[in-house]
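Colleague: Please show me the model, and then we can go through some questions about it.

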Amino acid sequence: MQNVVTVVTEEVNFRESDLREAIEVSIRQVKWYDERLDESESRSNEPLLERWSANSSLPPARSKHCTV
Amino acid sequence: MRIKRLLILGKASELPHPFIEEVEWLVSQNHELVLENIERLEKAEFSRLYSEMPNAPELDSELAYAASMADDLGNAANQLALVSLVTRLQHSNNVFVKDVGGDNENTGLVPNLRILNRRLGESPIAITFFADLVSVRDSVVHADSMAEWTYNGKTRRVPERYAKRRNSRNRRGQL
């Protein structure tokens with residue numbers, strides 16, 4: 001006769017809907033900070049924009065290459 | 001500082017925030033591809049079982065086992081996607097903290113969110129939402145995805161809504 005042992009554990013249950021919510025909320029959060037930074041005096045893109053439009057030959061295809 | 005617009009031959013092009021680009025491609029798209037493959041493998045296993053043991057008494061239990069394996073793989077894919085999301089969010093917030101003149105060294109996502117809220121105003125999304133995601137990330141990375149674990153003598157736990165009880169039945173020994 002076999003002895004059946006039932007082990008009860010509790011583990012992470014992160015569903016697909018949880019992931020979708022986390023992604024959506026995270027993007028909203030990043031956009032919010034990004035907009036607040038634009039409104040603050042601590043960030044201005046104008047000098048960089050001028051430099052890029054006048055001198056840059058780098059491809060503009062992917063913005064991650066444009067993070068400075 | 002981030003470039004948001006490019007002037008090319010007098011025409012302005014809007015650039016999305018790098019975080020959004022990374023999440024859409026490297027988190028969402030990648031996660032979708034993994035789930036599609038899990039579903040494909042599950043269907044292939046079902047077909048194999050139906051063709052190889054159509055009338056076997058153990059068919060139902062074999063099908064249930066295959067479905068359970070697919071569920072486990074899907075859950076693992078969700079967890080790994082979350083780890084990627086939280087890591088990328090942390091990096092983006094580090095850049096924001098630098099932008100506001102803060103020192104982001106040796107701090108995590110939640111401390112940096114507090115700094116940003118102080119400097120830029122209270123965000124409409126509660127920090128606790130992200131603290132919960134961090135606890136899930138930490139469980140996956142450091143605690144084998146257990147709902148509760150101990151770190152440096154301190155008990156940590158994921159929120160109830162991200163936890164579930166699991167019964168594992170193991171046959172041990174003979175009587």
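Modeller: Chain A has two helices and one strand; helices (H or I, at least four residues) and strands (E, at least two) are DSSP runs, numbered from the N terminus. This is a predicted model, where local features need pLDDT of at least 70, side-chain atom pairs count only at pLDDT 80 or more, and totals for chains, interfaces and linings use all residues. Residues are numbered from 1 along each chain as its sequence is written, while chains are lettered from A and ligands numbered from 1 in the order in which they are written.

Colleague: In what order do the elements of chain A run from the N terminus on?

Modeller: Chain A holds one strand and two helices. Read from the N terminus on, the order is β-α-α.

Colleague: Is H1(A) roughly parallel or roughly antiparallel to H1(B)?

Modeller: Helix H1 of chain A (residues 16-39) packs against helix H1 of chain B (residues 18-52) at about 170°, with the axes 11 Å apart. Axes are lines fitted to C-alpha atoms, for helices over the stretch in contact, and angles run from 0 to 180 degrees between N-to-C directions. Angles under 35 degrees count as roughly parallel, over 145 as roughly antiparallel, 65 to 115 as roughly perpendicular and the rest as oblique. The angle therefore makes H1(A) to H1(B) roughly antiparallel.

Colleague: What is the bridge partner of B:Tyr151 in S4(B)?

Modeller: Strands S3 (residues 148-151) and S4 (residues 154-157) of chain B pair in the antiparallel sense over four bridges; pairing needs at least two bridges found by DSSP. In S4(B), the partner of B:Tyr151 is B:Lys154.
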